[in-house]
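Please look over the sequence and the model shown here before reading the notes below.

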Amino acid sequence: MSRNHVSKPKVEKIIPLKPRERMQIPRHAPIEQDPGCRINNFSEVSDGFNVELASEEALRCLECNDPVCTKGCPVNVDIRSFIGLIYQKDYQGAINKIRESNYLPAICGRVCPQESLCESVCLVGKKNEPLAIGKLERFVADYEINTGGFTPPKVDESKGQSVAVVGSGPGGLTVSAELAQRGYAVTIFEALHEAGGVLKFGIPEFRLPKHIVDAEIDRVKALGVKIETNVIIGRTLTIDELFEEMGFEAVYLGTGAGSPRFLNIPGENLGDVYSASELLTRVNLMKAYKFPEYDTPLKLGKRIAVIGGGDVAMDAVRTSKRFNPEKAILLYRRSRDEMPARAEEVHHAEEEGVEFHFLTNPVEIHGNEDGSIRAIECQKMELGEPDEQGRRRPVPIEGSNFMMDVDTVVMAIGQKPNPIIQQTTPGLETSGWGTVIVDGNGSTSREGVFAGGDISRGGATVIQAVADGKQASRSIDTYLTEKRMEEAPVQN
Amino acid sequence: MYVIHRRTPLSSAITALEVEAPLIARKRKPGNFVIVRPTATGERIPLTIVESDSERGTITLIVQAIGKTTQLIHTMKEGDEFEDVVGPLGEPTPIENYGKVVCVGGGVGTAVVYPMAKALKAAGNKVISIIGAQNSDTVILEKEMSAVSDELFVTTDDGSRGIKGFVTQALGEIMERGDDIHSVYATGPLPMMRAVANQTRGSGIRTVVSLNPIMMDGTGMCGACRVTVGGKLKFACVDGPEFDAHEINFEELIARNKNYMNQEREAMETLKQEHQCQAG
């Protein structure tokens with residue numbers, strides 16, 4: 001045996017097919033609602049895999065000796081092992097395996113951009129389409145929800161120290177689950193009336209049903225984590241009070257980036273111009289799609305233009321489409337290749353009849369006498385040199401302005417962190433963009449205060465928030481362990 | 001949680017509610033507001049905190065039944081609970097001893113001006129107040145305003161109480177007296193605040209108004225409450241709710257606030273039908 005094999009013992013393959021046979025099986029498509037049907041409802045677009053599809057898809061895994069998919073995952077889920085368990089029909093075992101690395105599998109199986117993470121490096125993808133890892137993750141997560149097979153993981157003996165987690169989005173939930181398992185008493189403070197953060201107010205029901213989010217939150221609570229809603233840290237309580245009056249020994253800031261950006265163009269404050277945050281919060285959190293059964297209304301016109309090219313823009317335009325307009329239009333100033341949105345969401349939007357206009361930049365929103373919107377004036381763009389991130393920069397074409405007949409405009413051009421905590425916490429350093437500055441371990445400039453996800457990144461993904469939360473929970477554990485040692489009474 | 005301890009009718013459509021909210025009561029300063037949601041299917045709406053009692057752990061809110069949500073709140077009884085109350089929100093009113101100030105409340109806006117007047121009086125200011133209402137039934141907090149003011153004017157549109165006319169008439173009289181007014185604090189319907197701003201603009205008297213635009217989360221997240229102040233985009237929930245009245249683009253704000261009138265009407269119709277069904 002070569003030395004390589006000594007350091008990496010070959011793991012026995014359990015699927016009885018030759019690699020060539022596995023590679024020849026085509027990727028299985030999930031069960032989905034017909035586009036013509038689903039634009040009339042808010043039910044989930046995809047039903048995912050059933051047992052048959054999942055079993056057949058699992059056969060495609062090459063069971064690599066050195067699984068690159070795990071390295072492609074921001075939280076290093078042991079993908080090979082959980083797929084093997086699916087092949088062996090041990091679905092509960094598979095979900096337990098995932099939960100060792102990621103406490104929110106039913107959520108991440110649905111909203112992770114797998115095509116640019118685990119699936120992008122999958123070796124099956126070299127010759128065929130990659131293994132549908134995300135759909136398999138979702139399958140076992142849903143299996144557990146449907147069968148009620150969840151038993152809370154073992155929780156360490158109490159450490160006698162408590163941690164405050166600010167925000168109940170994916171990052172806050174992850175930190176809480178990790179630290180509760182290590183024996184810390186965790187309380188989450190949530191500003192809104194429901195826990196879940198962006199998973200509740202931002203991501204639509206048709207992509208991430210809210211009962212799924214609640215199921216995952218219940219699993220976090222099952223570890224003993226307390227959730228206090230209607231508490232705004234920075235207003236109702238300050239970070240200083242959490243430490244000095246309430247006895248918390250560490251604080252994690254996972255408040256995300258929820259403050260909408262605007263283009264700063266004329267006409268942007270007309271009544272029928274929304275931020276995507278407002279549109280999505282009205283529909284997702286406040287259930288405006290059930291008005292008047294629910295009291296929160298949403299006023300949308302017949303020709304709706306959504307500005308932006310990310311996942312939030314896709315969510316906003318697809319949500320708009322479900323309010324039965326004549327047209328739901330997406331305007332993006334670069335071309336399709338530069339769109340940051342997930343490929344699956346772009347594909348779904350196209351299937352649903354969303355009209356895409358690329359290289360189109362809004363310059364003014366024109367109103368009528370009564371304050372309604374008459375049209376949006378746009379400028380054609382062309383692609384110039386790449387910017388710092390390597391995306392080609394859009395350059396306006398002189399004299400190319402044209403009018404587009406719309407009556408509702410939604411701005412989905414990005415969010416920045418809410419400034420309340422930064423303004424009310426002395427000693428907390430922030431960047432010029434309003435993000436909280438953290439080191440590689442998630443520590444902020446303030447002792448005992450840690451942060452991660454969009455509050456420090458400005459706008460990333462759910463799985464990045466989960467990964468940051470895992471990193472920060474390790475740092476918090478180390479910090480509190482040292483603190484415990486220092487404060488422990490000297491023996492003898 | 002959020003139990004109504006005391007309900008006091010102030011007029012046929014305006015009610016004061018003392019609500020249990022100890023964490024908010026402890027922190028609240030004049031100028032702060034809360035977001036409330038009366039029921040689990042309800043809307044989130046902002047309401048100014050009129051008074052707070054940190055020992056009793058309560059805050060006092062005043063609500064006028066206009067739309068469905070305010071109508072629901074108006075009919076809540078002692079012992080009933082709000083589904084959610086969150087706050088205190090907004091930047092508090094900066095309070096100093098400026099000298100002489102005028103506090104103007106129009107309609108239910110008097111409930112917003114009262115805590116400012118009280119704090120300004122306590123800080124040593126000479127406070128002249130004006131309460132404006134449509135008629136004698138809708139004059140609220142007269143006794144309370146009187147207690148914190150050196151001088152109080154009441155105006156009604158129909159003359160059924162006090163001076164017949166708008167608050168601007170009383171303000172005009174005060175300004176004509178040549179008093180050295182340092183600041184005017186005004187809150188009421190948008191057209192009233194715009195009229196006050198126009199009235200004081202020429203003399204350059206500092207004029208502060210508290211805005212109550214459409215709002216959802218109250219933490220700077222939805223952008224529904226955006227308003228142009230001095231040519232810059234501001235969110236009333238986190239940058240306000242108080243702004244320099246001379247810098248506000250009132251036309252834009254008035255147009256934005258009308259946006260949901262049809263939906264409001266639909267919601268009210270549903271509420272009426274529900275009541276009829278229950279009655280029948």
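This is a predicted model: local features need pLDDT of at least 70, side-chain atom pairs count only at pLDDT 80 or more; totals for chains, interfaces and linings use all residues.

Residues are numbered from 1 along each chain as its sequence is written, chains are lettered from A and ligands numbered from 1 in the order in which they are written, and side-chain values use heavy atoms, with hydrogens and water left out.

**Interface between the chains**

- Contact, meaning heavy atoms within 4.5 Å, links 43 residues of chain B with 41 residues of chain A.
- Chain B and chain A bury about 3700 Å² between them, with 53% of that area given by carbon and sulfur atoms; buried area is the accessible area (1.4 Å probe) that two parts lose on being put together, summed over both.
- On the chain B side, B:M216, B:M221 and B:Y260 lose the most area to chain A, and together they make up 17% of what that side buries.

**Domains of chain B**

- Chain B is divided into domain 1 (2-89) and domain 2 (100-257), with bounds that come from an automatic or database domain assignment.
- The C-alpha centres of domain 1 and domain 2 of chain B lie 21 Å apart, and 18 residues of domain 1 of chain B are in contact with 22 residues of domain 2 of chain B.
- Between these two domains of chain B about 1600 Å² is buried, 65% of it on carbon and sulfur atoms.

**Helix pairs in chain A**

- Helices (H or I, at least four residues) are DSSP runs numbered from the N terminus, and their axes are lines fitted to C-alpha atoms over the stretch in contact, with angles running from 0 to 180 degrees between N-to-C directions.
- Helix α16 (residues 276-285) and helix α17 (residues 311-321) of chain A pack at an angle of about 55°, with their axes 10 Å apart.
- The crossing of α16(A) and α17(A) is left-handed, a term for the near helix being turned anticlockwise from the far one by less than a right angle, whereas right-handed stands for clockwise.
- The contact is made by A:A276, A:L279, A:L280 and A:V283 of α16(A) and A:V312, A:D315, A:A316, A:T319 and A:S320 of α17(A).
- Helix α12 (residues 170-181) and helix α21 (residues 462-487) of chain A have axes that come within 8 Å and cross at roughly 35°, and α12(A) passes α21(A) in a right-handed crossing.

Key
Helices (H or I, at least four residues) and strands (E, at least two) are DSSP runs, numbered from the N terminus.
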